[in-house]
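Grab your viewer and work through the exercises below. Each one sets a task and then walks through the solution.

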Amino acid sequence: MVKEKLVLEINDLVVNYETDNGTVHAVNGINLKLKQKQSVGIVGETGAGKTTTALAILNLIPQPTGIIKNGTIIVDGKNMLTISESDLRMMRGKGVSMIFQDPMTALNPVFTIGEQIAESVRIHEGVSNKDAMQRAIEMLEIVGIDKDRAYDYPHQLSGGMKQRVVIAIALACQAKLLIADEPTTALDVTIQAQVLELIRSYREKYDTAMILITHDLGIVAETCDEVAVMYAGVIVEYGTLEDIFNRTKHPYTEGLFNSLPNIIERRSKLTPIPGMVLDPTILPDGCVFADRCSYVIDTCRTTFQKDIAVSDTHIVRCSRYQEPGFNIKRMIA
Amino acid sequence: MYRYIIKRVLLLIPILIAVSFIVFFIVDLAPGDSIDAVFGNELSTEDKETMREEMGYNDSLLVRYARYIGNVFKGDMGMSVLFKKPALELYLNRVPATLKLAFWGIFIALIIAIPLGVISAIHQNTFIDTLSTILGLLGMSMPSFWFGLLMIILFSLKLGWLPSFGNEGRGSIIMPALTVGVGQAALLMRTTRSSMLEVIRQDYIRTARAKGVKEGVVIYKHALRNALIPIITAAGTQLGIALGGTVVVESVFAWPGVGKLTIDAFNARDTTLVVGCLILTTALSSVLMMFIDIIYAFVDPRIKARYSR
Amino acid sequence: MKGLRKERGSSGFWGEVLKEFKKNKGAVTGFIVFSLIVLVAVLAVFLLDYKTQITKINIPEALQPSSWKHPFGTDQFGRDILNRILYGAHYSLLIGLCAVTISTAIGSMLGIIAGYFGGLVETIIMRTMDVISPIPSVLLAICIASAFGQSLISLMLAVGIVTVPAFARVARASVMSVREEEYIEAAKAIGASDINIIVKHVIPNSLPPILVQATMRVASAIIVGSSLSFLGLGVPAPKPEWGGMLAQGRSFLNTSTNMTLYPGLAIMITVLAINLIGDGVRDAMDPKLKR
């Protein structure tokens with residue numbers, strides 16, 4: 001069997017933030033592999049370490065507080081954490097690019113949007129200013145902004161248009177891997193669909209692999225092949241869409257689904273996950289979800305949790321699956 | 001944009017008229033007048049009194065002010081008793097020297113402050129940051145005229161490298177400009193540092209890095225351009241202060257500018273010249289501040305948009 | 001309930017500020033140095049005799065270099081420079097502190113009245129400030145100092161008045177920001193008088209920014225004050241005001257470096273200590289600015 005070339009390979013990534021109030025354990029040993037064209041959705045609550053993981057891939061963890069304690073991140077064969085400064089610059093934007101979360105602050109207020117897109121093209125394609133600007137205008141048209149607006153400044157644009165500009169910057173150089181961090185959170189529902197469609201058609205054209213970060217399971221179902229469920233800096237469950245949605249294994253994933261409104265059965269009650277998110281400065285010995293889990297037993301709190309493969313594609317990090325016959329109650333008809 | 005400038009100029013006029021009244025009033029409070037100062041012992045008290053009567057010195061404050069401001073609108077700011085020349089002419093002759101001093105001072109301040117401020121912001125809490133913070137505090141705490149005197153002792157008297165006074169001779173601008181510049185540099189460095197610290201934490205700086213922009217370009221193009229706005233504000237305020245502050249520096253170096261003229265006028269109780277100097281210096285610094293406001297527009301498109309509205 | 005909320009909030013706030021201030025090494029150093037200067041200034045006034053040790057002319061000992069007898073040497077009249085500097089400390093401190101007290105009192109009062117009442121009162125007060133503030137402050141101070149004659153009091157007034165607009169603006173801005181707060185609405189609703197509201201609610205809430213501004217201004221007031229004395233418009237000779245001492249030293253730059261070096265150094269150390277305190281107060285009051 002010929003091993004398919006990986007676009008992204010993350011091994012045992014650990015990221016901490018050293019703050020005045022102690023060490024925040026943002027990411028605690030993550031593994032992730034991504035092939036060409038493949039797309040994976042990372043879902044989880046705020047503070048689960050999704051954005052930190054994304055920034056780590058670009059080696060853009062905020063300095064000096066953020067520290068990558070352990071792990072390797074290989075994008076297109078290059079280790080982002082050890083390559084030289086100039087190689088890293090070539091990878092950023094060309095090897096891997098990112099759509100940032102908040103379009104209101106992600107654009108530089110003193111440059112025109114055309115300039116901001118063209119800059120990326122100029123750096124990576126080695127073209128003249130004029131050609132780069134031409135490409136920038138093409139990109140604007142691709143994301144559905146009139147070319148006359150290339151010379152506008154960010155403050156002249158609406159929120160939705162700013163988000164499209166942010167997307168245009170990320171797509172400008174056909175990166176092999178695209179990271180989209182909540183690309184639609186700031187947008188109206190109607191525009192959300194357009195933006196997702198835009199990203200989808202673009203990926204099809206250039207065979208781009210994608211990591212989509214979101215807390216919206218609906219968007220994941222529409223756009224991703226695989227899903228990683230994150231909780232407290234750990235991927236608690238990983239699998240294909242089928243695996244996660246129809247063969248849910250981890251109690252936290254079950255909790256996520258139960259807290260979604262059910263359209264078919266409107267009268268059914270929403271069931272929120274009890275308890276609070278873990279204090280991120282404390283790293284427990286056992287399971288990170290133990291305090292909120294309804295299936296918890298004593299050993300959960302003391303045993304180090306390992307990945308358990310339930311099938312070729314489906315991994316769950318819950319020690320109770322070592323017990324024969326254990327399963328959560330969630331049943332999909 | 002042009003409408004904005006015209007609006008600003010028109011707004012300046014009533015403010016300057018009000019300033020002239022306040023200055024006129026305060027100067028009037030001072031004991032003694034120019035006739036005492038110039039003819040002190042030469043003339044008898046009665047002769048001086050007749051002179052006052054003739055020159056309208058005994059009229060009420062409001063009458064004298066109305067007469068004065070009326071003449072000002074005709075371009076006449078009165079005669080200096082000390083120099084026996086029109087106050088306006090005397091002042092205008094001294095303006096170039098003061099502007100030269102103020103601009104060189106600010107220029108020196110900026111070329112010291114911006115690089116130092118940027119470097120200490122990007123190397124926050126390191127040795128170099130601590131060092132420049134301490135230098136900044138020292139510069140801010142030092143009376144500028146004292147620094148000027150120390151420089152005269154070292155460079156003029158001990159080493160003989162630079163002339164100790166005047167606007168002539170090679171290098172005569174160096175010490176006065178440094179005297180003006182060093183204190184300003186300290187303040188501007190602190191502004192630059194805090195402004196840069198604010199900006200480099202912004203999301204758009206991360207966006208630039210994610211595009212693969214070189215670190216130097218990230219700092220000097222993406223960050224500094226945004227950080228410049230508070231720096232320009234501070235530099236503008238400093239320029240205004242520098243214009244007033246040149247009084248002291250000009251006096252230390254006998255620099256033939258408007259500050260020296262003002263002090264000479266004060267010492268001679270030449271009230272006409274004092275009032276003229278104060279009004280014109282205020283006008284000069286207000287006009288400079290206005291230019292600073294206009295420069296903003298070229299740095300920040302958001303402000304430009306506001307102006308043209 | 002209202003009172004309870006405020007009390008708890010404010011005592012916690014000041015406690016927090018004190019804690020933050022103590023953590024700041026520079027600020028604590030500045031505070032210690034400043035306390036020592038104040039101590040020296042007070043002791044010098046009581047222990048040194050003005051007639052015999054400060055102003056007595058002793059030509060045979062004129063312009064001596066540093067020695068055991070005169071650590072900082074002597075001036076052109078043979079007076080001990082160290083003694084004069086120690087004795088002169090209280091002038092600078094008084095100028096700095098009194099000038100800022102004057103401008104804080106007048107400025108904040110005007111600012112609070114303008115901000116609280118708004119309307120025509122505000123327009124008149126703030127327009128007046130707009131007219132005073134474009135006049136370069138050193139020039140205005142010179143003007144006022146010469147109008148009131150050459151004395152310590154006149155110098156304090158001059159230095160104080162020029163910073164009034166700055167305080168008025170800071171005070172007004174902070175009043176505007178609390179004016180619309182709910183507890184003020186509530187106090188109005190239960191019929192509290194304007195004076196009552198201003199004293200009980202508006203002033204305590206406007207205090208932090210005014211205090212930060214005041215500390216910073218003490219430093220610049222000392223420098224402006226000594227500049228004016230240097231120009232011959234401040235404390236008259238033979239009183240050993242530091243700026244005035246520098247003015248005298250100017251005529252002896254060639255023969256006596258001591259006469260110029262030490263008084264300036266004294267100004268710098270005093271101002272530095274106050275600036276350190278000022279930075280500490282600012283950082284402690286506004287943790288956002290501290291990095």
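**Exercise 1. Work out how much area chains B and C bury, and who contributes.**

Step 1: about 3800 Å² is buried between chain B and chain C, and 76% of it comes from carbon and sulfur atoms. Buried area here is the accessible area (1.4 Å probe) that two parts lose on being put together, summed over both.

Step 2: on the chain B side, Ser141(B), Phe145(B) and Trp146(B) lose the most area to chain C, together 16% of what that side buries.

Step 3: count contacts (heavy atoms within 4.5 Å). You get 45 residues of chain B touching 38 residues of chain C.

A word on the ground rules: this is a predicted model, where local features need pLDDT of at least 70, side-chain atom pairs count only at pLDDT 80 or more, and totals for chains, interfaces and linings use all residues. Residues are numbered from 1 along each chain as its sequence is written, chains are lettered from A and ligands numbered from 1 in the order in which they are written, and side-chain values use heavy atoms, with hydrogens and water left out.

**Exercise 2. Sort out which chains touch.**

Step 1: two pairs of chains touch, and the B and C pair has the most contacts.

Step 2: chains A and C share no contact; their closest C-alpha atoms are 11 Å apart.

Step 3: look at chain C by itself. It has 12 helices and zero strands, and its C-alpha atoms fill a box of roughly 75 × 45 × 35 Å along the principal axes. Helices (H or I, at least four residues) and strands (E, at least two) are DSSP runs, numbered from the N terminus.

**Exercise 3. Trace the two open sheets of chain A.**

Step 1: strands pair if DSSP finds at least two bridges between them. The four-strand sheet of chain A then reads β2-β1-β4-β5, with antiparallel pairing. β2 (22-35) and β5 (78-79) of chain A are at the edges with a single partner strand each, so one side of each has no neighbour in the sheet.

Step 2: zoom in on β1 (6-19) and β4 (66-75) of chain A, which are joined by eight bridges. Asn11(A) sits opposite Thr72(A) in β4(A).

Step 3: the eight-strand sheet of chain A runs β6-β7-β8-β3-β9-β10-β12-β11, with mixed pairing. Its edges are β6 (96-99) and β11 (308-309) of chain A, each with a single partner, so one side of each is left open in the sheet.

Step 4: β6(A) pairs with β7 (177-181) of chain A in the parallel sense over four bridges, and Ile99(A) has Ala180(A) as its bridge partner in β7(A).

**Exercise 4. Describe the second largest pocket.**

Step 1: on a 1 Å grid over the protein atoms alone, a pocket is an open set of points where a 1.4 Å probe fits, with protein on both sides within 12 Å along at least five of seven lines; lining residues have an atom within 4 Å of a point. The second largest pocket holds about 1200 Å³, the volume being the space filled by probe spheres set on the points, which are joined across faces, edges and corners.

Step 2: its lining has 31 residues, with Pro62(A), Gln63(A), Pro64(A), Thr65(A) and Arg201(B) nearest the centre.

Step 3: among the helices, α9(B) gives the most to this lining, with four residues.
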